[in-house]
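User: I've got a new model open and I'd like to learn how to read it feature by feature. Can you walk me through it?

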Amino acid sequence: GDLTMLEQLRLGENQFSGKLPTSLRKLSLLSWLALDHNELTGTIPAFVGQYEDMSDCYLQDNKL
């Protein structure tokens with residue numbers, strides 16, 4: 001589906017693993033991103049800091 005209008009993504013505490021997907025880049029209207037308490041690895045992509053309307057970003061308790 002087309003989720004480009006999504007403003008909040010809350011997926012903390014779901015045991016997700018791997019890298020942050022680059023497809024998150026398409027969610028340009030995100031104001032709230034919560035992926036905390038998972039098993040995500042790698043580095044935080046630069047696009048995460050480029051959301052214009054981002055007010056809250058929770059990535060703690062991962063392996064980033």
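This is a predicted model: local features need pLDDT of at least 70, side-chain atom pairs count only at pLDDT 80 or more; totals for chains, interfaces and linings use all residues.

User: Where is E13 found, and what is its phi?

Analyst: The general idea first: most residues other than glycine have a negative phi. Now the case here: E13 has a phi near 55 degrees, a positive value in a residue that isn't glycine. You'll find E13 in the loop between β1 and β2, the latter being residues 17–18.

User: What about Q15, buried or exposed?

Analyst: Exposed, at a relative accessible area of 70%. Q15 also sits in the loop between β1 and β2, and its phi is near 60 degrees, again positive for a non-glycine residue.

User: Let's zoom out. Which secondary structure elements does the chain have?

Analyst: There are five strands and zero helices. Read from the N terminus, that gives β-β-β-β-β. The radius of gyration is 11 Å, close to the 11 Å that the globule rule gives for 64 residues, so the chain is as compact as a globular protein of that length.

User: How many bridges join β1 and β3?

Analyst: Three bridges, in the parallel sense, with β3 covering residues 32–34. To find your way on screen, look for R10, which stands opposite A34 in β3.

User: And the inside of the protein? Which residues make up the largest nonpolar core?

Analyst: That core has twelve residues, among them L9, L20, L24, L33, L40, V48, Y51 and L59. F47 belongs to this core too. Setting aside its neighbours within four places in sequence, F47 is in contact with P21, T22, L24 and R25. For the chain as a whole, 27% of the 64 residues count as buried.

User: How much of the contact pattern joins residues at least 24 apart?

Analyst: Take the contacts between residues at least 6 apart in sequence: 42% of them join residues at least 24 apart.

User: Last one: how many salt bridges does a search of the whole structure find?

Analyst: The idea is that side chains of opposite charge can pair when their charged atoms come close. In this structure the search finds one salt bridge. The partners are E39 and K63, at 3.2 Å from N to O. The pair links distant parts of the chain, 24 residues apart: E39 is in strand β4 (residues 39–40), while K63 lies in the segment after β5 (56–58).

User: How accessible are E39 and K63?

Analyst: E39 is partly exposed, with a relative accessible area of 38%. K63 is exposed, at 54%.

How values were computed
Residues are numbered from 1 along each chain as its sequence is written. Side-chain values use heavy atoms; hydrogens and water are left out. A salt bridge is a side-chain nitrogen of Lys or Arg within 4 Å of a carboxyl oxygen of Asp or Glu. Helices (H or I, at least four residues) and strands (E, at least two) are DSSP runs, numbered from the N terminus. Buried means under 20% relative accessible area, exposed over 50%, partly exposed in between (1.4 Å probe, protein chains only). A nonpolar core is a set of buried Ala, Val, Leu, Ile, Met, Phe, Trp, Tyr and Cys residues joined through side-chain atoms within 4.5 Å. Contact means heavy atoms within 4.5 Å. Two strands pair if DSSP finds at least two bridges between them. The radius of gyration is taken over C-alpha atoms; the globule rule is 2.2 Å times the number of residues to the power 0.38.
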